[in-house]
Amino acid sequence: MIVTLFRARSFCKSLLNVAYGLPARDVGQRFVTLLSDMDASVTESFGPAAMILPWLRRIPSWCPGGGWQRKLGGWQRMSQKALDEPFNAAQDAMSRGAADPSILSHLLDRDGTELEVKEDAIKGVISTVFIAGADTTVETFLALFCAVLRHPEVQKRAQDELDTVVGADRLPQLSDKPSLPYINALVKELLRWHNVFPLCIPHSTTQEDEYRGWRIPSGVTVLINSWNILHDPKTYCDPEEFDPARFLKDGKLNTDVFDPATVAFGAGRRICPGRHFAEDSLFINVASVLHAFSVVPAVDERGVPAPVEHEVTTGLISVVKPFKYSIRPRFAAVEALIRNSIMD
Ligand code: HEM
């Protein structure tokens, strides 16, 4: 349930607001579903083999291994709807003065005179913001539930910090960020421990290069093995353990420790443009959920807790495999606080 809630209400609706300017409370579930389905088809069309061996995408649909191409027609029709519908709704909202400032309004202002030529490009850019930003942030966030079930001491320390700094009368805000070093460290550890793009996104060399004596020809696919970098025991002691304290020293963030954001968001000129947005989204959602709720193990009818393993899927995006858990409100005012925050 909470997964659906977060997909629909939190990350996706804020992304639709930033990208299209559609006010978060007005955004229908339809746009979230349309764009999420398009996102899933993009991820599937980038299956592990086709990602590393791009020529596989040229296999005709009737050949063994070309099965995904048969799905292409359906994906294309669905993608066109996902490109058109939120774009049209945003333009309608803009014409009524009901839209917020957004990437779309910025692009239209800048390119207004050439809109007819550029409309398709603008639709593509805007939908990419959603595709690239939704699953990545949601799946990183969902790893939190797995992490705190496996490490209840992490949840306790985070909640102690939240109780001291925020208190039970309100929910955390972004302005609390400098006063919540452990929550900041927890977000860094999430980006490190469960790196959603284990091989980033394939890059290609435009010219021949050399790295430590290795010749890299022009035009070859280059992958950044960010999972390995972020689980290197030379950089992080016990890298498989979830331990936010590794980023702290004397109660503050220790800038001497390699920041996972340096590789988790890719590198070079195609580095993730949403990285600051993602880190802030993760901060506010991690802080809010741990402040309002405790994540506890699900139990069976005999009271035996369900096991929780950190098992992940393979593919372009790595997702924590499903596991069971429960959440409990931490104090009486939680419901009212959440209701008020949704109304704001
Ligand atoms: C935890 C969350 C996120 C992670 C781990 C992540 C990671 C990445 C990575 C590894 C890349 C490929 C970079 C490269 O090619 O070197 C990328 C690209 C991209 N990301 Fe993110 N991202 C996240 C959230 C977001 C958000 C919230 C947005 C939008 C608000 C976003 C927008 C984009 C876009 C548009 C690209 C394509 C950039 C290009 O090809 O030039 N990402 N992201």
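Which loop does Cys 200 lie in? I found Cys 200 in the loop between helix H9 (181-193) and strand E1 (203-204). Helices here are DSSP runs of H or I with at least four residues, strands are runs of E with at least two, and both are numbered from the N terminus.

**Ground rules.** I am working on a predicted model, where local features need pLDDT of at least 70, side-chain atom pairs count only at pLDDT 80 or more, and totals for chains, interfaces and linings use all residues. Residues are numbered from 1 along each chain as its sequence is written, and side-chain values use heavy atoms, with hydrogens and water left out.

I looked up backbone angles next. Most residues other than glycine have a negative phi. Cys 200 has a positive one, near 50°. Cys 200 counts as buried, at 5% relative accessibility; buried is under 20% relative accessible area, exposed is over 50%, and partly exposed is in between (1.4 Å probe, protein chains only). Asp 250 also has a positive phi, near 50°. I found Asp 250 in the loop between strand E5 (248-249) and strand E6 (252-253). Is Asp 250 buried or exposed? Asp 250 is exposed, with a relative accessible area of 74%.

**Ligand shell.** I then went through what surrounds the ligand. The shell holds 24 residues, and the closest are Gly 133, His 203, Ala 267, Arg 270 and Cys 272; a residue is near the ligand if one of its heavy atoms lies within 4 Å of it. By class I get 15 nonpolar, 8 polar and 1 charged residues. In that scheme Ala, Val, Leu, Ile, Met, Phe, Trp, Tyr, Cys and Pro are nonpolar, Asp, Glu, Lys and Arg are charged, and the others, Gly among them, are polar. Helix H7 (115-150) and helix H12 (275-292) each supply at least two residues of the shell, and H7 gives the most, with 7.

**Ligand oxygens.** I checked the N and O pairs here. The side chain of Arg 270 has an N or O atom 2.6 Å from a ligand oxygen. For His 203, a polar side-chain atom lies 2.7 Å from an oxygen atom of the ligand. Ala 267 uses its backbone instead, with an N or O atom 3.1 Å from a ligand oxygen.

Which residue is the only protein donor of the iron atom of the ligand? It is Cys 272, through SG at 2.3 Å; donors are N, O and S atoms within 2.8 Å of the metal (3.2 Å for Na, K and Ca), and with water not among the atoms, sites may look incomplete. UniProt, in an unreviewed entry, places a "binding site" feature at Cys 272. I see Cys 272 in the loop between helix H11 (261-264) and H12, partly exposed at 26% relative accessibility.

**Two residues of H7.** Lys 123 lies in helix H7 and is buried, at 7% relative accessibility. Its side chain joins that of Asp 84 in a polar contact of 2.7 Å (N or O atoms within 3.5 Å; within protein, one must be able to donate a hydrogen and the other to accept it, and residues adjacent in sequence count only if both atoms are side-chain atoms). A polar atom of the Arg 150 side chain lies 3.0 Å from the backbone oxygen of Val 308.

Technical notes:
UniProt positions renumbered as here; feature names shortened; annotations may be inferred.
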